[in-house]
Amino acid sequence: MFSILNLLLLCIILPLLIFFHKHRTTKNLPPGPKGLPIIGNLHQLDISKLYLQLSQFSKIYGPIFSLQLGFRQAIVVSSAEIAKEVLKNNGHVFSNRPMLYGQQKLTYNGSEMVFSPYGEVWRELRKISAVHIFSSKRVSYYSSIRKFEVKKMIKKISEHASSSSNINLSELLISLSSTIICRIAFGKSYEDEGHERSRFHGLLHEFQALLAEFFVADYIPYMGWIDKVRGLHGRVDRNFKEFDEFYQEIIDEHLAPNREQIKDEEDIVDVLLKLKKQNLSSIDLTFDHIKGVLVDMLVAATDTTSATSVWILTALIKNQRVMNKLQEEIRNIGGKKDFLDENDIQNFPFLRAVIKETLRLYLPAPLLVPRESNENCIISGYNIPAKTILYVNAWAIQRDSNVWKNSEEFYPERFLESSINFLGQDFELIPFGAGHRICPGLSLAVASIELILANLLYSFDWKLPHGLVKEDIDTEMLPGITQHKKNPLFLVAKSSM
């Protein structure tokens, strides 16, 4: 009995001694809030509003500060200057991702682009995405799908406009975004299929929740039993199994010898299966890699497009001056067409300014996706050890009053005379990230957002539901890697035709 007890104590104490010895030997870390033994600063963090909390810490400890997350070291960057230092000047160092249980399990152990470790597999999948999925040619190839689905949405809204009923734009835009992505990725939509639609949206909602879930084992490994007690492992296993079956059904349908494929309608699964069959990849492209890419398409692309579209409409309904100016631009150039296509949208500079300003204030991922250093380095004079998690607080950077005049004001005109863009070269505006791990689907998301917004504002005048004023429209965010508006946006549409 005594020896067993000693062994148990040794199993608990030895990792702690190793950890604290390692922590003490790393000198000149950035300053940060004092934590507790073992858990570090974990007890001080509110996951639901982490970007706000970290912004407050930066006001105390500076634009770069450190956190102790259980056994893991982390730093938080909150200025454009230091963001450039870590994402560009030291991009090769901070090109990795922290290995977190839920994210790895749900993405086939990182067999995709967003959560995969930096290495040969990531480089090849990134290359495949750049050439075969998100190239300008491929984005243009799917313009007919975007046009068809947006037209269908406009028709649906028109039916409500005649009765002046409230429209749940949050629900409508999430449905539209997922339909566009499903047609591009899988070649089919789940919006009109009853049980299948319900199954699909239920799986997607749970997947998104699990990606943002906190697992104790990620930070204090020997306490991972807590995650099992909380039922997290069971939830992850069920969601992974159900989504895996879903993806396998899609692949099997595409591989069926009697499948009838419409000419010139090649979807992403077709592209990936062709690459696999013809051995056109530098890696052994497996079905897990294909499923992993589909995970990125379904979750990242759907979330970014729908969340940003809702935030734009939220900002506009709270700023009628900007709404009127934007509609004037769109309608003057649009003339009397029944629908604006993507060629028309190239003539709308104020629309692009509105999108930039919305992404500045209400970016979909306030902390981007965390990275991890793969070697020791020096940032702003501080020693940063290998395996340090990096959080870039883009929310704080994009509201920095030292960079942006009247930083809390929604003022799109600031971009009309500015060359600042969100393509990863201007570090004061990085809603899609920058450097090696910038969002690969940026061009696809922007193309969809522009088409959706231009036609919503061209076809309809938007008003608040009866009895509400603009102050009643909140800007609170739901927790998650992608931050959606907490309360659905309900508006009333009136046809402008």
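Predicted model: local features only at pLDDT ≥ 70, side-chain atom pairs only at ≥ 80, totals over all residues.
Asn406 counts as partly exposed, at 48% relative accessibility; by definition, partly exposed lies between buried, under 20% relative accessible area, and exposed, over 50%, with a 1.4 Å probe and protein chains only. This residue sits in the loop between helix 17 (394-397) and helix 18. Helices here are DSSP runs of H or I with at least four residues, strands are runs of E with at least two, and both are numbered from the N terminus. Phi of Asn406 is near 50°, a positive value in a residue other than glycine. Most residues other than glycine have a negative phi.

Residues are numbered from 1 along each chain as its sequence is written, and side-chain values use heavy atoms, with hydrogens and water left out.

A second residue with positive phi is Leu368, at about 55°, although it is not a glycine. Leu368 is found in the loop between helix 16 (349-361) and strand 4 (371-372). Is Leu368 buried or exposed? Its relative accessible area is 13%, so Leu368 is buried.

Let me turn to helix 18. Helix 18 covers residues 442-459, 18 residues in total, and reaches 26 Å from its first C-alpha to its last. That is close to the 26 Å expected at 1.5 Å a residue, the expected span being 1.5 Å times one less than the number of residues. The helix is mostly covered, with 17 of its 18 residues buried.

Which residues does Met153 contact, leaving aside its neighbours within four places in sequence? They are Leu172, Leu173, Leu176, Ile452 and Leu456, where contact means heavy atoms within 4.5 Å.

Thr302, found in helix 13, counts as buried because its relative accessibility is 1%. With neighbours within four places in sequence left aside, Thr302 is in contact with Ile174, Ser177, Ser178, Ile181 and Met297. Ile133, in helix 5 (residues 120-133), has a relative accessibility of 3% and therefore counts as buried. Ile133 and Ile268 are 135 residues apart in sequence, yet 6.8 Å apart in space, C-alpha to C-alpha.

I now come to the second largest pocket. Its volume is about 620 Å³. On a 1 Å grid over the protein atoms alone, a pocket is an open set of points with protein on both sides within 12 Å along at least five of seven lines, and lining residues have an atom within 4 Å of a point. Of the 31 lining residues, the closest to the centre are Ile47, Leu50, Ala212, Pro370 and Tyr391. The largest share of the lining, three residues, comes from helix 2. By class, the lining has 24 nonpolar, five polar and two charged residues.

Helix 2 (residues 50-61) also holds Ser55, which is buried because its relative accessible area is 8%. Not counting residues up to four places away in sequence, Ser55 touches Asn393, Trp395 and Ala396.

Finally, consider the loop between strand 8 (460-463) and strand 9 (490-495), where Lys470 is found. Lys470 counts as partly exposed, at 41% relative accessibility. Leaving aside neighbours within four places in sequence, Lys470 is in contact with Ile317, Lys318 and Leu464. Lys470 and Leu316 are 154 residues apart in sequence and 10.0 Å apart in space, C-alpha to C-alpha.

His466 has its place in the loop between strand 8 and strand 9 as well. With a relative accessible area of 83%, His466 is exposed. His466 and Ala185 are 281 residues apart in sequence and 40 Å apart in space, C-alpha to C-alpha.

Technical notes:
1 Å grid on protein atoms, 1.4 Å probe; cavity = no way out; pocket = protein on both sides within 12 Å on 5 of 7 lines; lining within 4 Å. Points joined across faces, edges and corners; volume = space filled by probe spheres on them. Nonpolar A, V, L, I, M, F, W, Y, C, P; charged D, E, K, R; others polar.
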